Every structure is written in structure tokens, then in C-alpha cells.
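User: I would like to go through this structure term by term. Please set each value against the definition behind it.

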Amino acid sequence: MSEDIQAGLAEILEEVAGVAPADATPEKSFTEDLDVDSLSMVEIATEVENKFGVAIPDDELANIKTVGDAISYITANRG
Amino acid sequence: MTAIQLKTGAPGARILGFGGYRPRRRVTNDELSQTMETNDEWIQSRVGIAERRWASDDETLVEMAVAAGGKALAASGVAPDDVDMVILASATLEHPIPGIGPQVAHRLGITRPGAFDLNAGCAGFCYSLEVASNAIRSGSARHVLIVGAERLTDVIDQTDRATAVIFADGAGAAVVGPADEPGIGPVAWGSDGDQSSAIEMAGTGRIAMAGQAVYRWATTRLTATLEQAMAEAGVTVDDIDVFAPHQANLRIIESMHKRLGFPERTVVARDIVRTGNTSAASIPLALEALLESGEAKSGDLALVLGYGAGLTFAGQVLRIP
């Protein structure tokens, strides 16, 4: 399950921020390692909602620092 | 009982001409990086702005509005005497009393028009356009001058790089008149007052913006507004020659452009790159620039969308004069 989410998230990261799918590993920090800025994080949240049906409000988004954080959030909130 | 009689207006309204005023002083990103923690690369990647115009002391709201309004009157070929309504859209009046619509009208030689100010934040121009169109169609005015004028540099916090690099000054105007064939489509408008604090001047008297929240709202909620504006005007995305949303942030413009799926020939207004975010002035400034450069032509169909503090939003399909 979490592999599916990681792969889906990698697709979103590639589309939104041009991150190579191989780089989208759980330990990576969006801002520090992948050069994803705050507005791209919003785009990622929108695409996560479209793809997984999981909404990430702004206050939750602030707590998502790494790819792993995003995977955990999606896993926990997926219906 | 005697019935109240109504006037008969024009079948439609259209824009007859645009005019703009850009303050003299150009402020580059390099100049800003000398006084705040930022640099050209950061600004260009976050908001897509290369330079903006900042008004000097003598470039007051009234002076800028008069300059833009005069140009719009000249472009439209409408004499000041034939204008019977003036709407001044601004969110940055130094003093709310008096409103400046009447003085701007007076300075332009427009005598005794219905004149007032309208504050719908960065949506002010599109809100004014709907009011003008309805006034002409109901017979309460034949020609309406709309001026969006802003001095956002009066209200920015020079140390807040999230806003100080974005907001700028200027004025943009349009003359609207009667038309047998409508040149302004039905408005798709509304407001989200639950997000009133997303863009506000609270306490400090300086403008603060929740960047992520506004970005999310603009790139998700407003797509439906743009689609509604086209559907109600009876056009599709393939009919749109010019897409000129409020010049808030180049990334919002690009995101909207991508989501709507315009054909390749559609010209996109990116005046923000050299003008910054001028709130209610941005759409007429952008359209005037596209006409001057030849990228937009008379007769083109444009899709416009104003959105901003309130939160407010309004979109229309227009015929370029």
C-alpha cells in the first residue's frame, strides 16, 4: 500500500516540481533536499487530494516536512 | 396607485477604450535585495516579478487616476461631457473621507456624474465592470469611466519579503459604453468572507497575506469561476484569444492557464513581470499593454478574472475594443 502511495506521490512531485521519481524517497525533505517551495507544496496538496482523495489543510501541510511525512499522512487519512 | 416608470437602457455594454498610468520609478529585484533579505532568483521563482513601479509623493492616487482616466477617454473617443458615471476602484485610499471618484471626475472635466469609490480589493476592476454594464443596460448611465488606482507601497511592510516584493503602484482605466451587441458577458462573481483574514491590514496598518491559503484558493476555487464566466457568456476555452487574470503572482497565472487548457494561440497577460501586483489597476494595465504591443487585437475575446482581499472574485468574458 505505502509503495503505491510513494509511487503516486513521486508522480505528483515530478509533475509539480520536476523531481526525478528516484529521488522521491521517504527520508527526503521537500524544502531542503528536493527544492520544493511553499507554493509548490500547495500544488502537491491539491494533486494529493485529486489522486488519493485526501485533503491536506494548510495547518496540516505545515507539519509535512518529508516525503515520509506525506506518505504517513495519506495512509492515515485515506478512506 | 401611480406606477413608477423605469428608463430603457442599451441592449448591451462594451469597453470602448483602455488607459493606464505607470509610476516613473522602476524598482528592480536587485534594488530590493539591498534593503531586505531576498534576491532576484528568489523573487523570480516565487512570484515571477522582475521589476515593479513605485509611486513618488507627487504621484498620488488622484493624479494617477486622472492620468489613466484621461488616456482611456482619449482611446475611446468619448468626450468628458458624455460620461455620466465614474467608478473609482481602490483599496488604498489614504483617507476614506472623501472618496476620490468625484475629484477624479472633476479633474477630467466630467461634470456632475454619479461618482463613487468601490473597494473589492484586487477584484475591484471586474466588480466595477459589472456595475457599469448594469448601469448602461438599465439606462442610468450611457458612458461609464472606471479607474482602478492603487498605492500599495503606502501599506506594505518594507521588511516583509512575502508582500513587499509583490505589491506595487499604478492606475488602469476603461471607458464603458452602450452596444447593440454585448461586449461584456455575465459576471461570475462572489466572495468568501470566511477567509477575510487571508489578506488584511490588521493592527499594524500594513498589509499581511497568508500566501499559501491565497494560492490554494486562487488555483482551485477560482477555476470554476472562470469556467462559469465562459459558460454563461456562451463561449468555450477555444474561443478565448486573451487570458488576462489579475496580476497577483505569475505562478497563479500559469497554474490557472494550465488547469483551464487554453489553445496554444491564446495570449496570456504576464504584465506582472514588469509591473508587480497593482491590485484593482492590474487588469486594465495588462490589457492596455497587450493592445500596445499588438499581442491583443480589437475584436478579440478576452477572459478576465479579478480576485483578492475580502476574499472577493469576479470574472467576465470581454470583447477587446
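User: How many residues of domain 1 of chain B are in contact with domain 2 of chain B?

Analyst: 44 residues of domain 1 of chain B are in contact with 45 residues of domain 2 of chain B. Two residues are in contact if their C-beta atoms, placed from the backbone, lie within 7 Å. This is a predicted model, in which local features need pLDDT of at least 70, side-chain atom pairs count only at pLDDT 80 or more, and totals for chains, interfaces and linings use all residues. Residues are numbered from 1 along each chain as its sequence is written, while chains are lettered from A and ligands numbered from 1 in the order in which they are written.

User: What are the bounds of domain 1 and domain 2 of chain B?

Analyst: Domain 1 covers 12-179 and domain 2 covers 188-319 of chain B; such bounds come from an automatic or database domain assignment. The C-alpha centres of these two domains of chain B lie 15 Å apart.

User: Which classes of residue make up the side of domain 1 of chain B that touches domain 2 of chain B?

Analyst: That side of domain 1 of chain B has 25 nonpolar, 10 polar and nine charged residues. Ala, Val, Leu, Ile, Met, Phe, Trp, Tyr, Cys and Pro count as nonpolar, Asp, Glu, Lys and Arg as charged, and the others, Gly among them, as polar.

User: Why are β1 and β5 of chain B said to stand at the edges?

Analyst: Five strands of chain B form an open sheet in the order β1-β7-β6-β4-β5, with mixed pairing. Two strands pair if DSSP finds at least two bridges between them. β1 (12-21) and β5 (114-118) of chain B each have a single partner strand, so one side of each is left without a neighbour in the sheet. Strands (E, at least two residues) and helices (H or I, at least four) are DSSP runs, numbered from the N terminus.

User: What makes β6 and β7 of chain B a pair?

Analyst: Eight bridges join β6 (residues 144-151) to β7 (residues 169-179) of chain B, and the definition asks for at least two. These two strands of chain B therefore pair, and they run antiparallel. B:Leu145 stands opposite B:Val175 in β7(B).

User: Which strands does helix α5 of chain B lie across?

Analyst: Helix α5 (residues 124-138) lies across β1, β4, β5, β6 and β7 of chain B, at about 165° to β6(B). Axes are lines fitted to C-alpha atoms, for helices over the stretch in contact, and angles run from 0 to 180 degrees between N-to-C directions.

User: How many residues of chain B are in contact with chain A?

Analyst: 10 residues of chain B are in contact with eight residues of chain A. α7(B) gives the most to this side of chain B, with seven residues.
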